[in-house]
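Here is a briefing on one protein model. Start with the sequence and structure, then read the notes by topic.

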Amino acid sequence: MYIDGACHCGQVRYQAEVDPGEITICHCTDCQRLTGSAYRITITALRENFQITSGDPKEYVKIADNGCRRTQFFCPNCGSPIYTTGELGDAEQVGIRLGTIHQRQELKPRAQFWCSSSLSWAQDLRALPCHDGD
Ligand SMILES: [Zn+2]
Ligand SMILES: [Zn+2]
């Protein structure tokens, strides 16, 4: 499936070819901090099928407890997280942040990871009152 996307300010834009089945939610504490939110949603794509079409994302290298390095790319102007990639075998793939994808309404996660650090309410949003706007 073809997708394209952009950061909030529009400076960074990209396009990719993705498998819509490759979408996951991560509840790990790194994802919570890096997004400023409860969890992160990512779609995996082959690096060769992902292109930045405008802008020059800034990089932050996150080092996990196991020593694994992952580079986080974000807009240098508005700070929106755009994508991530790893080293060695992981360098062949990118993880695109769902919220920046224009076609995100058509994409649905297939699994959750790090549920051990999931915020207790995050599994039951339907329990909260729901408003159409703010
Ligand atoms: Zn931006
Ligand atoms: Zn995570």
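Cys28 is buried, with a relative accessible area of 12%; buried means under 20% relative accessible area, exposed over 50%, and partly exposed in between (1.4 Å probe, protein chains only). This is a predicted model, in which local features need pLDDT of at least 70, side-chain atom pairs count only at pLDDT 80 or more, and totals for chains, interfaces and linings use all residues. Residues are numbered from 1 along each chain as its sequence is written, chains are lettered from A and ligands numbered from 1 in the order in which they are written, and side-chain values use heavy atoms, with hydrogens and water left out.

- Cys26 is buried, at 17% relative accessible area.

- Ideal angles at a metal are 109.5 degrees for four tetrahedral donors.
- Cys75 counts as buried, at 1% relative accessibility.
- Cys78 counts as partly exposed, at 31%.

**Salt bridges**

- The structure holds 3 salt bridges, each a side-chain nitrogen of Lys or Arg within 4 Å of a carboxyl oxygen of Asp or Glu.
- One of them joins the side chains of Glu22 and Arg110 (3.8 Å, N to O).
- Glu22 sits in the loop between strand S2 (13-17) and S3, and Arg110 in the loop between S9 and strand S10 (111-113), 88 residues apart.
- Helices (H or I, at least four residues) and strands (E, at least two) are DSSP runs, numbered from the N terminus.
- Glu22 is partly exposed, at 30% relative accessible area.
- Asp30 and Lys62 meet through their side chains in a salt bridge (2.9 Å, N to O).
- Asp30 is in helix H1 and Lys62 in strand S6, so this pair ties together parts 32 residues apart in sequence.
- Asp30 is partly exposed, with a relative accessible area of 30%, whereas Lys62 counts as buried at 15%.
- Arg70 forms a salt bridge with Asp90, their closest N and O atoms being 3.6 Å apart.
- Asp90 lies in the loop between strand S8 (81-85) and S9, and Arg70 in strand S7, so the pair ties together parts 20 residues apart in sequence.
- Asp90 is partly exposed at 34% relative accessible area, and Arg70 is partly exposed at 23%.

**Pockets**

- The largest pocket holds about 870 Å³ of space.
- On a 1 Å grid over the protein atoms alone, a pocket is an open set of points where a 1.4 Å probe fits, with protein on both sides within 12 Å along at least five of seven lines; lining residues have an atom within 4 Å of a point.
- Grid points are joined across faces, edges and corners, and a volume is the space filled by probe spheres set on the points.
- The largest pocket is lined by 30 residues, with Cys26, Cys31, Lys62, Arg70 and Trp114 nearest its centre.
- Elements giving two or more residues to this lining include strand S3 (23-26), helix H1 (29-35) and strand S4 (40-46).
- The lining of the largest pocket divides into 11 nonpolar, 10 polar and 9 charged residues.
- Ala, Val, Leu, Ile, Met, Phe, Trp, Tyr, Cys and Pro count as nonpolar, Asp, Glu, Lys and Arg as charged, and the others, Gly among them, as polar.
- The second largest pocket has a volume of about 260 Å³.
- Of its 15 lining residues, Pro81, Arg97, Leu98, Gly99 and Thr100 are the closest to its centre.

**Positive phi**

- Leu88 has a positive phi of about 55° although it is not a glycine.
- Leu88 lies in the loop between S8 and S9 and counts as exposed at 75% relative accessibility.
- Trp114 also has a positive phi, near 55°.
- Trp114 is in the segment after S10 and counts as exposed at 56%.
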